[in-house]
Amino acid sequence: MNLSAGGTARLSPDVQDPALALLQRRFDRERASRKAAEALLTDKSRELYDVAEAAREAERRLQLALWASGEGIWTWDVAADRFTINDLQVLDTVHHSPPQPMAGLLAMVQAEDQQAVKLAFSLYLRQASDDIDTAFRARLQDCERWLRIRGRALTHDAQGRPQTVTGTIKDVTAQRDAEQSLHLMAQAFASTHDALVVVDARGFIVQANERAGSLLEQPCEALEGSLLAPLLGLDRPLSGRGAWHGELLLKGAGKGRHVELSVTPVQQSAAADSGCSIVALRDISERRRAEDALHRQAFVDGLTGLANRARVMQLLQERTARPGRGFTMLFIDLDGFKAVNDTLGHGAGDTLLLQTALRLRAIVGNGVVGRLGGDEFVVLQAEGSAIAQALALADALITHVGRPYTIDGQSVQVTPSIGIAACPEHGQNPADLLRSADVAMYAAKEQGRNRAVAYHGDLDHGRQRRLQLQQLLRADAEREAFSFVVQLQVDMRRRPVGGELLMRWQTPAFGVVSPAEFIPLAEQIGVIDRMGRLALRTAARVAHELAAARLLGSVSVNLSPRQLLHDDVERALLDACMAAGAEPARIELELTESALVTDVAQVGALLTRLAGHGFRLALDDFGTGYSSLSHLRQLPFHKVKIDRSFVQDLNIESRSLVMLEGVVRLCDSLGLATVAEGVETREQFEMLRRLGIACFQGYWFARPQPLAEWMAGLSVQGQAPRVVAGGC
Ligand code: C2E
Ligand code: CA
Ligand code: CA
């Protein structure tokens, strides 16, 4: 639009606005009629005409001004109640609305706003307000618009009451929408869960919401004007880097919290440094804690805090995948841990593992210490380490881990058996490396425990042997392909009192295999129950034969702890006795301490029932575990078998002698008989006899022998008892 020099309002030809087009048509019409009229004008009438034309021009200018401001004009003749709207924009197509009563205007107003409009007018009429200024919703051409009416009296009556009121009317829908959305934005800014901070181009805080205030531990008003970056512990400003996203550990305000940070620049003008940025800070400390906990669960051993098996495997995977620098790995198994766990209970076992973990950590410098499970630990030495370093570390571990621990007031000792393997020589992937270290560890156990062995190819034979034996054992357990020998037991005067039934296994490939080797394997692969039942049936048969031949003495049979827990051992024993026609009193059941601790109450009840049936009960291998004799008070044992290791130490170590004295005295006071195992010399026998031990078993009297041979040596009831000669 332009206003021409000639004073006539003119519009540019490419007008798109419908209201403006309407004006244009009107101006064009007026121009045409003016041209026509000008020809007819006389000088006199021209003067009048020019005056009228000037008024029309003023009107046109007003129309244009109104168009430009988006406003229309209304007039209300109060007395006549005639309301006229002269508007282009609001009513769009109607140039002038026909005069109508006020009620007509109100009809246009949406019901919910009518009261407000009426009030605005009546307050003004009563001179209670200076002007009319009200906004309301109106339905115009089927859509709802916000209109704002403002006005004042043009003329007053004699009493000073408004007579003609006039003013503007404007469609303020867009403005209202903008206000509304601004309001919403402001609300969102204030109430969002994230901390929001608006910073200017130099990084100063322009505005911050409540959340930001609480995150940064300052009232949000106090934040305004400060530099944000130093507050967050950053040395570079946050703005001017474009949009970015990251995580941050707060070091300044809100110290220790983890936040997720996103910076979004808001460009306000073309000038590069004029823009603000919105910085959103989300406190993710909770999430981080949860993630850490998950990570811990997934990769940290719950008991010791060491890397768990998954983590160790992950590290091995990472390291073996990296070509170049090798490293060594130590596989550590605790000797004697099972006995601690079994005899002192799982709580003590856990404490021992934890203390071992602490010692390992203290000794292993910058290597990784992990726990694979149970009493198995690993150490991954730093990359570049060689076998010599691993052996040196193993020496230190043997010294430190082997020192006594104090658990629940008791001194407990375990020793480590350590297998060492090097990558890539002994394995180029986690599984192979672990297997080599495991094989070496087994070799350390076999070579007498409490030592370290570095892997070499020959060791695989041991592993091969174990695997093959397991396979054979499975098949032979199925066929019950075992035999039994008996080892004689004698009293103080060397008279036979019975014998211990010992299982034997012979395989074509390996010859005679010791039960010390195959019984643990049978327990591992779960065939011990079946083998144990065979031993019970054999014992019942022997007991029957003893009675049938009227021989003095009883037969002892070993019960594996597993049998006691998982098998219906009571039923099996009674069935075996029934089938063989044997008296339970001729059968002695040997149980190790480890059988007792797992669930003393349950095992105690079972033992009481067994004793009730007449079976005799002996505590085997006494002295190898950690149980106190207090167990014996509560359990219905008849005998305690003192372990071979005590007997072996007798000659050289007087401490064993003192301890044995105590054990014998206690057993006496509890009414328990004592049996010494593994007696190999006359000196041992004499010494043990002097201590007051009642029975003896060992190579000095007899090696395990075939059943018939053993029976032939027993005394017949009613005849003079035989005496066994020593030194077999
Ligand atoms: P154990 O119950 O302590 O059996 C005594 C072991 O000591 C036997 O070994 C026996 O031959 C050996 N021995 C006896 N006197 C001496 C001696 O003077 N010096 C030495 N150095 N050793 C002696 P064996 O027969 O090899 O049995 C080993 C272990 O296998 C047994 O230890 C027992 O725990 C287990 N075992 C044997 N037969 C069975 C069975 O039928 N069932 C179960 N569950 N375990 C069995
Ligand atoms: Ca035994
Ligand atoms: Ca024994």
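Residues are numbered from 1 along each chain as its sequence is written, chains are lettered from A and ligands numbered from 1 in the order in which they are written. Because this is a predicted model, local features need pLDDT of at least 70 and side-chain atom pairs count only at pLDDT 80 or more, while totals for chains, interfaces and linings use all residues; side-chain values use heavy atoms, with hydrogens and water left out.

**View 1. The calcium ion (ligand 2) and its protein donors.** Let us start with the metal. Glu500 (OE), Asn558 (OD1), Glu590 (OE) and Asp620 (OD) are the protein donors, at 2.1 to 2.3 Å from the ion. Donors here are N, O and S atoms within 2.8 Å of the metal (3.2 Å for Na, K and Ca), and since water is not among the atoms, sites may look incomplete. Along the sequence, the donor residues follow the spacing E-x57-N-x31-E-x29-D. Distant parts of the chain are linked by one pair: glutamate 500 belongs to strand E21 (residues 496-507) and asparagine 558 to strand E23 (residues 554-559), 58 residues apart. Strands (E, at least two residues) and helices (H or I, at least four) are DSSP runs, numbered from the N terminus. Glutamate 500 counts as buried at 4% relative accessibility, whereas asparagine 558, at 29%, counts as partly exposed. Buried means under 20% relative accessible area, exposed over 50% and partly exposed in between (1.4 Å probe, protein chains only).

**View 2. The calcium ion (ligand 3) beside the calcium ion (ligand 2).** The two ions are 3.7 Å apart, and aspartate 620 coordinates both. Aspartate 621 is partly exposed, with a relative accessible area of 23%, whereas glutamate 677 is buried at 11%.

**View 3. Ligand 1 and the residues around it.** Of the 21 residues around this ligand, Gln487, Glu500, Arg644, Glu680 and Tyr699 come nearest; a residue is near if one of its heavy atoms lies within 4 Å. Oxygen atoms of ligand 1 lie 3.0 Å from a polar side-chain atom of glutamate 500, 3.1 Å from a side-chain N or O atom of asparagine 558 and 3.0 Å from a polar side-chain atom of arginine 644. Taken alone, ligand 1 exposes 790 Å², of which the protein buries 85%; these areas come from the Shrake-Rupley method with a 1.4 Å probe. E21, helix H16 (515-525) and strand E25 (616-622) each supply at least two residues of the shell, and E21 gives the most, with 4 residues.

**View 4. Isoleucine 519 in helix H16.** This residue is partly exposed, with a relative accessible area of 24%. Leaving aside neighbours within four places in sequence, isoleucine 519 is in contact (heavy atoms within 4.5 Å) with Ile528 and Met531. The C-alpha atoms of isoleucine 519 and arginine 60 are separated by 116 Å, and the two residues are 459 residues apart along the chain.

Notes
A polar contact is a pair of N or O atoms within 3.5 Å; within protein, one must be able to donate a hydrogen and the other to accept it, and residues adjacent in sequence count only if both atoms are side-chain atoms.
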